[in-house]
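Here is a short briefing on one protein model. Read it with the structure open.

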Amino acid sequence: MDATLEKQVVDPTLAEMGKNLNEAMKMLEDSQRKVEEENEKKYARKDIPGPLQGSGQDMVSILQLVQNLMHGEEEEESSQAYRLQNVGEQGHMALLGHSLAAYISVLDKERLRKLTTRILSDTTLWLCRLFRYENGSAYYHEDDREGLLKICRLVIHTCYEDYTVEGFNVLCTKQPVIYISSAARTGLGQALCNQLGLPLSCMCRVPCNTMFGSQHQMDVALLDRLIKDDVECGKLPLLLVANAGTPGAGHTDKLGRLKELCEQYNMWLHVEGVNLATLALGYVSSSVLAATKCDSMTLTLGSWLGLPAVPAVTLYKHEDPSLSLVAGLTSSQPVEKLRALPLWLSLQYLGHDGIVERIKHASQLSQRLLENLKNLDFIKTSVEDELSSPVVVFKFFQKYLNRDLTPHAAQTSAIQHPVISNEGHIYDTFNQWLGDQLAQMVPASGIDVVELEDEGTCVRFSPLMTSAVLGTEIQDVDQLVDCLKMKIPVLTSTLQLREEFEQEVRRTVGLLYIEDLSWPGLGVVSYHSDEKNNDNQEKELEKINTELLKKLNELESDLTFSLGPEFGGQKNCVYIGMVTEDLDVSELVETIAATGREIEENSRLLENMTEVVRKGIQEAQLQLQKANEERLLEEGLLRQIPVVGSVLNWFSPFQASPKGRTFNLTAGSLESTESTYVSKAQGTGITPPPTPTSSLTKQKHLGQKIFKRSLRNSDAFSETSSVSHCDDMEKMDQRSPTLSPGQEQRPLEPEKTELLPKVVPQATNKDTEDIQSSKSLNDCTSVEEQGSQR
């Protein structure tokens, strides 16, 4: 602009003025702009989160953040990584459906209505044909309990005609009752009552069979009596929730008889469960096929087919569309109908053969495992139908803890021995450990642990819920069986040796047996003292047991010693894990007791050493002071004068016998070193008593595992050990000199006195500091004596 101005204005003065004016205006504008920016910063909001500040972030940064949140800074566990790797192409179709649903929602209303109607009708028709549920409607929902909740509202609106107008006042005349099985999902009844605004008295739990039939099936006769009692009390039976595959054991209720009972009392029958997936197969058991006659059912296709983020589906039959709309089962909003889009895409991608193949593969996995479990000892299975059961539940079980006992003897022994009487708790603990071990060793199997009302803790294999996501194959089942064969001997051995370990600990002085039924292992032991319990004693016991655990872990054994579980465990204890059948329990207990005594004795010796050394130093100082006074009397006064004393010592040297001191830690006394200068030999003193140890030392020197019964009872091993031990003793006798009774002291050099310990035990940090301080005092004493002699 300045060049243009110079061309237009010929006068250089005017051009220079114009240039200066432009610069001045620019400076004013810049200053004004800075003031405005400062004002914006001054009045800007300071509560805006960091990611939202500024003009936004780019796509790469956002995706990187998502990746970091998904995987984290550290690598995830192998099972989770395996789960992510098995999102196949059918899973990609489901994920694509969510993206397309967002894109389709911005279409014009007419085109959106036609498209959503087509998607919804097609998906509903396909599901009804696949699962043999003709002329049904479908409701798609994210929470698998939401479908049952909407069905309950539909039934309430159907049975109470004025419910829409009068609301809860209508329910006061006849209280509704909803019946669910005691084997249903935990918290299902309470969740329904909370969402419907009903009191908990409207929920009736029906017990399962106790005498005849499966213990996981609803007792139909008892249900009939409960309904009759409610009708006589003026209540209205509303709905019955049955199971085609209970959440725990996978058993199916008698759906045919339950349907007849519901028709008799004009009740609604709703069915849910994993066994409904078998309706898509060519052959379906009669117990599951009866579910096609129910009023509604809930299908969880996402877990059955390995489809991520697809909705659950509730199929139902009802003639009044207006009530379905009021209950929330249908919606007039086209966007709500787009929930079926991921499922619509995935079903087309898989096709009928792909859907049947996945469900059949899961059933074959269950049958393969069940056939192998029949050949294993100490494994008890709980399946409804051995020919076609998609869920396999099993547990480790030994009929009696002592296999030599008869049933009557076992019952009598249970009164005398608490281990047998508490075997139910022990089995629960062992099966919990077994399930956790199998899940870690074969993560692709999808093994988990379930708590059943009658059987207790069991291990569950439900491939219909996990195989499609984890990619479980036949070889995974075979690997699971191999791992189970490896763990069964460990479980049986630990269970049999558990009582022997308790008896050995109770007979051993210094050990305390801790009964912890929740610990999966040989047992829990604690080293204790007979002294009165106080705060100092508790701290000392904690210190001893901690050191004991450290010493046991340093041994070359196959056992695992730990502090127990992170939460709920006993304090100041040593937890012993699973063992094998060749364990020598007596040697183990003896080693624990000997190691504990060794640690306790060393601790007591180090505690007393400081006080003994201090008293010895004080006594040495008094004796040295007395010896100096006696030396002054012997030498005379003239020898103490600097010049005169030197001349006198030169003409007439004074011969004084050196007097040293030695401190015997074994005897705890301060002794003279005159005998050393007479015999010209240094004594070794009295050898302290050996620290109590067990036979583990020689086994450890031989490079063999300790606590092994086979090694200890072997004749060859015993003979070899005896010969080796005798040779070692002969070599030691040859090396060590013969001591006379008077050689009980360890003298020092003539010029100084030094305190020499005869026993050097292992010391803690605190005790080491005390010894070092005592040693420094001892050095000062030696220096005093040297100065006195000079």
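Cys573 is buried at 5% relative accessibility, where buried means under 20% relative accessible area, exposed over 50%, and partly exposed in between (1.4 Å probe, protein chains only). Cys159 is partly exposed, with a relative accessible area of 34%. The model is predicted: local features need pLDDT of at least 70, side-chain atom pairs count only at pLDDT 80 or more, and totals for chains, interfaces and linings use all residues. Residues are numbered from 1 along each chain as its sequence is written, and side-chain values use heavy atoms, leaving out hydrogens and water.

- Zero disulfides turn up in a search of the whole structure (a pair of cysteine sulfur atoms within 2.5 Å).

**Chain**
- The protein chain has 790 residues, and 42% of them are buried.
- Its secondary structure comprises 30 helices and 18 strands (DSSP runs: H or I, at least four residues; E, at least two; numbered from the N terminus).
- Of contacts between residues at least 6 apart in sequence, 70% join residues at least 24 apart (contact: heavy atoms within 4.5 Å).

**Largest pocket**
- The largest pocket holds about 590 Å³ of space (on a 1 Å grid over the protein atoms alone, a pocket is an open set of points where a 1.4 Å probe fits, with protein on both sides within 12 Å along at least five of seven lines; lining residues have an atom within 4 Å of a point).
- Its lining has 30 residues, and Asp144, Val274, Thr300, Ser303 and Met465 are the closest to its centre.
- β6 (296-299), α14 (301-305) and α21 (463-470) each give two or more residues to the lining.
- The largest share, four residues, comes from α14.

Conventions: Points joined across faces, edges and corners; volume = space filled by probe spheres on them.
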